[in-house]
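Here is a brief report on selected helices and strands. Keep the sequence and the 3D view at hand.

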Amino acid sequence: MRKILLIARNEFRMLQREGRFRVAAVFTLLLFAVAFATGWQDYRQSARLRAQAAETVRTQWLNQGVKHPHQGAHLGFFVFKEELPLAALDPGLKPYVGAILPLETHNRSNFIERPADDSSPAARFGLLTATAVWQFLLPLLVIFLLHGVFTSERENGTLAQLLASGVSRWQLAAGKLLGNGTAILLLLIPALVLSSVTLWRAAEGSAMRFLWLALSYPLYLLIFALLALAVSAWARSSQLALVILLAFWVGNSFLLPRLAASLAERHAPTPSAEEFRAAIQHSLNVGLDGKDEAGAHFKNLIATTLAHYGVSRIEDLPVGYAGVMLKDSDQRFERIYEHHYRQLYATYQRQRRWHFAASLLGPLIAMRELSRGLTGMDIAHYEHFADAAERYRRAFVERTNEVAEKQARGSGWELEVGREFWESIPPFRYEMPDAQWALRQNVLSLSVLALWLALAAFCALLAVRKLSLN
Amino acid sequence: MMHRCLWQKEWMLIRRNGALWLTIFCYLILLGWGSYNSVLHTRLTQQRIQAAQQDETERWQRIETSLAKLRANPGEKPLFGDVRSPSYVGGFDGPRYAILPVRELAALSAGEALPQQVLITTFSRYESGREEIDNPVNAVAGGFDLLFVVIFVLPLALIALTYNLISAEREAGTWALLLSLGIAPRAFALVKCAWRGGLLLVPTWLAGALTCALSNGFAFTSGGCGRLILWMIAVGAYTALWLGLAVWINARCVHSSQNILWLVTLWVLLTLLLPGLTHLLAMKLHPPAHHFEMALQARDLNVEREKKLSAMYEWYYAQHPEDRPAPELIAAANKPVPGGSRSSDSRRTFIPSLYLDEQLRPLLEQRSLQRQARKRVVQWCSLLSPALALQLLSDQLAGTDADRFAQFEQTVNQAQHQWRAFFGPHIMRLNKLTAQDYARIPRFDQQPEQRVPLGASVLAVLLAAAFIINVAASQRLRG
């Protein structure tokens, strides 16, 4: 143990004296600080504007005046997906998913107002976020530090001397890993401390998520460190080790995610927004099976309603026909929208398989998924929110249709309700799922990362075991 | 004689270098995949435009069929979807598309990737079609197209082929020998760069030309050929720039490993960090107008709607008194339809859309100005990042740049103005459409586009950067 610590201290001291490492370290920390500060500012502004907007929406709902309840259902609500303060570290899918989800009758919307639609041409190069520094730049630094761990000793002729001095190859490997790893952790730790101090004050229930995030990134970097150790032990020269590791880094960081996305789109294409809307409109016109034409459907509804109540005119109905029609119409809409949205989510699921397959070739995809999941900005969280919003939408629409049916007579359009009714519809309350739920959604990503860690450790053990002096 | 010998010897060395061929092979695979995706993306854009036009044709055929039925049964009153209603034709089943044609070189860059077919309706464009449903996971990952390969992968492949251009000779102990034979370092570096750069650049040029040809059916105009040549020059300059950097680093450092470290660091800086910081700067200097404001303003029109409707009607009729309908028409339109809708007064849906667009106009103009300002920031910063410069130029040559889409936006606004100018008076007068009206419904045939000057400045930046780097590199080598 003493030898390991001695080697580690030596490595660390050499790095401290290394001007380039100091420059790289300062630069990385500065980049993180800029990215985090920007992310934090965005989070705070979003939170403030969301709170203001939610209050405005509720006020608009309550002050909409006296009108038919169906008109109120058309006003509906806007709901805004909650963000954890952790979104300052990793905004995840936020730039490409809208900020607002409109809820109204006859219509199930998707999120609107995507930040990416109001961006800059440079956004296509990728967004510089705090976790992007950890995902891309720190592994590169690990590679720069560790690629020559054994090869440089071999090239300088000092490897034989070290091993001859009584240090075993395992002790040498462990010492080198510890020394260089400490240097990398020293870059990560200030960043984690800065973010935890800032986020802690704002955090509610996200402490566990932050802890998992704080644990997972060092393990992600450990994968690269072990791989670098393995390649360095195996390669004939520093140059070859560096080339191999850089090729892996480029493939992992830039090629695989895009390759996965393009393969996913090729094999399970997402329809365009126009195609999706056109398909829904077609189903609304002729029914899901093509045999339920809208005009005929509503004519039939009149006939069955009149027959049910034993009257011959809509004006003679003991209930509001508007409510009956709206209830039937909304149920029809909901079946159709449910069908099309399930198909859309199934497409996303099929695409996810390609991303999962690609993550077996490089750990970044899994790390990214896990990171987004822990900050609450992945697709699972958005779907969870959208499902909760849809349940709320159906509930308030059903309430308005009930009132339109039960409290009216005849055609039912004369009914008017006021503030008392609007107040009886409670505001939308959403509870963000906890860290355990987030981890359950990311079991695959966790498994892939664990697999990579095991593989990297195995490669390192094997390579160090076969370490040659020449 | 010496130079010819250099060329031949270099080719012999390259032939025997397995690692070099492996790199070129990997690059070609990625280039092929990127080109394939570009062709597919462009064809998909073309198919979507055709599908939109087909959809418009089918809807109008349905309208004509319904009209024929109504003419045969004049007494029939459809509960929903009356094709004699200007609101229904102008807002639901009759809207037409404004199309932005796909240019010949569109496959070179997906660019802004905005829809090139926009439905013109009587409704507010702000309210309709704001949703996008593409998988955000794919959007965040980014596209794997030809431009991605050229901007990101080509420099890496060049680094892989040139990082040890001179350092390999130094490490093998043959550099001094070469110099003693009277070989000029510059000539030596030039031959190596020419071979290695050429082995990557020529396939890239061919891929660009083939990709464009496949996506537009091998139909090129002289303008298209000219743009393609410009693109090739730009990519050539980009390649020369990276070759120059490789020579400069080789002249500066002794060891090949150090060269790789420096070159990859430069790649990270120029291709990732600078564009990323540019984006942050552009968004900080010209932050987007917050989206909630517009959405809430749109929603506000529905609060105390009846009161606001009266005010909106007065606002319209003050400007168009000739469109005010008779009171008996208003009363008839607001009578609930038994078994149908609460009211057939389509002014109730039309006027809020018109009014909303009027209210949102300053915000939308501000949004457009901010977008332009952000684009200018990016253009300035492209002086520092050749990757950004090449992207901006490629977008412009492909016709997928922000300026072209901004022009299209204006065309669409004008088209909607025309559409509303036709249907608005009919709706506000509570008229039905007559047979003569259908013949006069506007169509949006292709509007001529304004010629936008090409990104000559961007090309000049690339060429200048390549020149400066290469001069600096050769000066360093001479020393």
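## Helix α16 of chain B

Helix α16 of chain B covers residues 402-428. At 1.5 Å a residue, its 27 residues should span 39 Å, and the end C-alpha atoms lie 37 Å apart, which agrees. The expected span is 1.5 Å times one less than the number of residues. Helices are DSSP runs of H or I with at least four residues, strands are runs of E with at least two, and numbering starts at the N terminus.

α16(B) bends by about 30 degrees at B:Phe422. A proline, B:Pro425, follows within four residues. The bend is the angle between axes fitted to the seven residues ending at a residue and the seven starting there. Just after α16(B), B:Leu430 has a positive phi of about 60 degrees.

## Model and conventions

This is a predicted model: local features need pLDDT of at least 70, side-chain atom pairs need pLDDT 80 or more, and totals for chains, interfaces and linings use all residues. Residues are numbered from 1 along each chain as its sequence is written, chains are lettered from A and ligands numbered from 1 in the order written, and side-chain values use heavy atoms, without hydrogens or water.

## Sheet in chain A

Three strands of chain A form an open, antiparallel sheet, ordered β1-β2-β3. Its edge strands, β1 (77-80) and β3 (107-108), each pair on one side only. Pairing requires at least two DSSP bridges.

Strand β2 (residues 100-104) of chain A is joined to β3(A) by 2 bridges. A:Leu103 stands opposite A:Arg108 in β3(A).
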